[in-house]
Amino acid sequence: MALNLDSIGKPIGPVTKEYTWKDVVLYALGVGAGFQELEYCYEKDLKVLPSFSIASILNIDFLAILAETTNINLAGILHGEQELIFHNPIPTEGTLTTTGRVTNIYDKGDKGALVVAEFDTVHSNGKKLYTSIVTIFSRLDGGFGGPDAPAKEVIFPDREPDHVIEGAPTQDQPLIYRLTGDVFQLHVDPEFAKMAGFEKPIMHGLCTHGYACRALIQSLIPGKPGQMRRMTCRFSKTLYPGEAVKTLVWETGEGQAVWKTVHSETGVEIITNGQCEYGDVIEETVRFDDRVAVVTGAGAGLGRVYALELARRGARVVVNDLGGARDGSGKGTASPAETVVKEIQDLGGEAVANFDNVATPEGGENIIKTALDAFGSVDIVINNAGILRDKSFTKMEPENWASVLAVHLNGAYNVTKPAFRVMKEKGYGRIIMTTSAAGLYGNFGQTNYSAAKMALVGLMNSLKIEGAKYDIKVNTVAPLAASRLTEDIMPEDLFKKMKPEFVSPMTLFLCSEECPVSGNIYNVGMGFFNRAAMVTGGGTVVGDGKTAPLPEELMAKLADITTMDQGKEFQHLNDQVGEIMAAFSPKV
Ligand code: NAI
């Protein structure tokens, strides 16, 4: 049966697994730790090797679902590449919940296919621990006419490695390692191994990976496994138990290294293309415990990620989504909002779904009523719901104009107004508007959308003033992210890099108690952040202020009028009017 190409993007999981200190120690013993690294093997002051993340039983369960979802031919699969991104140190016990999706399937022709999946694991303490990107090489599934994978080779410095760490797996190493979850016969059964073309059972690739992880910690961050930030590699050749390996490490920059693990005698590369990043851990302190958040249009794209992240950090969330088509047409469906609520609940969070249309005042009232009925309050509103109806201006019919303004601009008014009443009363609130570069700077074919998106900036400007004395902060994000709104606008390789997860940190920060600003606009996308602002130039007086100047006089002074030299931002209309008045005041 062929690979299921429709599995790309489909959610996988959640898979949940409890673990104790004994699982942590068993893994450490499985990858060669012992008395010389007692901190991984003794429950007193126990530390967890970061590579435990990928080798836990949880991972095996997850890979089984991945295989089923993609229809991969199990007879020909190998673990091709592995990337681990560590967000927080792994506690010594708890429950891990993993969700993910297939992100790509590549065609290597006769050689086979690559199936890439990405998954996130969250601990029962609410912290996201790690993201794992796994590439499965499937020898028997190639030749379906799909795109080839982009080449990614790691460049090793042309010098001796800075560190060489020896590892000596014993003849019996796989017998211990398999108890951490991977009980495939190839690593234990001599007959099976012979049938598969090997002299005897072979080492688990991930066991050698664990040796490499220990070597990286020993050489780069001794005694501080929690400082591992990222570890990536490609599995290259198999290894027999009892054969020694060396991990070669080159430091390439501040907190960065490249590495490979080779056979000690033959020099053959067992694991290659290794990269490692390390450094201090940033503690997750931004929390939303006891906060109630309303996210509109949270059934997909950016809104979904905001809702998931808010819930993970403790908020109770109203997931609003009408569930219509990209242009807002159709009757709508409950399923996007319900799916996101389920995702949140599966991860241990609290959320309720709401299917109202933000474009009507009743819809807005009902969205906030949902928050009040379910959770008794509302602290955060993210106005995110959106549609597109692009047309060049002469073809911009009234219904296209009106429907876009109705969802974006009226939608923000309809939802924010009832929320603002509650926020004023309780003396706390965080409101987000979602603008767009199309509004801030302009874009062909989007006059309706640009007008609506810029109008939201005006709404923010005045609302920030009305909210100031009640600790209600109103800010605006201009995102750049992959979603159905951008899927046919952006080139494919760029689209893949524009993850909504890169936008949500700013949106969440602006929703937090810690947020110090109100009335700001931030452009956010792919890890780039800057602020956009309405800046007013220094200007000049033309004439004497008694007789109105002629257009010709303005023409002569146009450079002085137009210059942005001495440009300023005003926080209030009065400041700008005051500036005009001041221009006519006698200078002392
Ligand atoms: P998306 O299409 O994935 O998500 C928007 C969600 O809003 C959809 O799930 C849709 O069902 C929902 N929705 C639409 N009309 C609604 C209504 N009347 N009531 C309730 N829900 C409704 O799009 P994406 O990209 O996540 O967009 C989120 C926001 O970000 C939008 O306001 C969009 O204009 C804005 N934006 C996005 C950019 C991007 O690069 N993705 C760029 C600039 C702005």
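These legends describe close-up views of a predicted model.

**Figure 1. Overview of the protein chain.** The predicted chain has 588 residues, and 47% of them count as buried. Its secondary structure comprises 17 helices and 18 strands. Along the principal axes, the C-alpha atoms fill a box of roughly 100 × 55 × 50 Å. Take the contacts with a separation of 6 or more: residues 24 or more positions apart account for 72% of them. The chain exposes about 27900 Å², with 55% supplied by carbon and sulfur atoms. There are 55 positive and 72 negative charges, and their mean positions are 3 Å apart.

**Figure 2. The aromatic pair Tyr27 and Phe52.** Five aromatic pairs occur in the structure. In the pair shown, the ring centres of Tyr27 and Phe52 are 5.8 Å apart. Their planes meet at 65°, so the pair is edge-to-face. Tyr27 belongs to helix α1 (residues 21-30), and Phe52 belongs to helix α2 (residues 52-55). The pair therefore ties together parts that are 25 residues apart in sequence. Both Tyr27 and Phe52 are buried.

**Figure 3. Arginine over tyrosine, at two sites.** At one site, Arg214 places its charged end over the ring of Tyr211, 5.3 Å from the ring centre. At the other, Arg291 lies over the face of Tyr428. Here the distance to the ring centre is 3.7 Å.

Figure 4. Helix α14 spans residues 504-511 and is mostly covered. Six of its eight residues are buried. These are Ser504, Met506, Thr507, Leu508, Leu510 and Cys511.

**Figure 5. Val295 and its surroundings.** Val295 sits in strand β11 (residues 292-295). Its relative accessible area is 0%, so Val295 is buried. Leaving aside residues up to four places away in sequence, Val295 touches Gly303, Tyr306, Ala307 and Leu310, along with Val317, Val318, Val319, Asn320 and Ile382. Gly34 is 261 residues from Val295 along the chain, and the two C-alpha atoms are separated by 50 Å.

**Figure 6. Thr232 and Asn273 in contact.** Thr232 is part of strand β7 (residues 228-235). Its relative accessibility is 6%, so Thr232 counts as buried. Beyond residues up to four places away in sequence, Thr232 touches Gln82, Glu83, Trp259, Asn273, Gly274 and Gln275. Asn273 is in strand β10 (residues 269-278). At 8% relative accessibility, Asn273 is counted as buried too. The phi of Asn273 is near 55°, a positive value in a residue other than glycine.

Figure 7. Most residues other than glycine have a negative phi, and most peptide bonds are trans. Met526 has a positive phi, near 60°. Met526 lies in the loop between β17 and β18. With a relative accessible area of 34%, Met526 is partly exposed. The peptide bond from Gly13 to Pro14 is cis, and its omega is near 10°. Pro14 is in strand β1 (residues 11-19).

**Figure 8. Ile202, a buried loop residue.** The loop that holds Ile202 runs between α5 (190-195) and α6 (205-220). Ile202 has 4% relative accessibility, so this residue counts as buried. Pro174 is 28 residues from Ile202 in sequence, yet their C-alpha atoms are 7.7 Å apart in space. Not counting residues up to four places away in sequence, Ile202 touches Pro174, Leu186, His187, Thr238, Leu239, Tyr240 and Pro241.

Conventions: Residues are numbered from 1 along each chain as its sequence is written. This is a predicted model: local features need pLDDT of at least 70, side-chain atom pairs count only at pLDDT 80 or more; totals for chains, interfaces and linings use all residues. Side-chain values use heavy atoms; hydrogens and water are left out. Rings of Phe, Tyr and Trp (its six-membered ring) pair if their centres lie within 6.5 Å; planes under 30 degrees apart count as stacked, over 60 as edge-to-face and the rest as tilted. Helices (H or I, at least four residues) and strands (E, at least two) are DSSP runs, numbered from the N terminus. Buried means under 20% relative accessible area, exposed over 50%, partly exposed in between (1.4 Å probe, protein chains only). A charge sits over a ring if NZ of Lys or CZ of Arg is within 6 Å of the ring centre and within 35 degrees of the ring normal. Contact means heavy atoms within 4.5 Å. Accessible areas come from the Shrake-Rupley method with a 1.4 Å probe; for residues, only the protein chains shown count as cover. Lys and Arg count as positive and Asp and Glu as negative; His and the chain ends are not counted. The place of a charge is taken as NZ of Lys, CZ of Arg, CG of Asp or CD of Glu.
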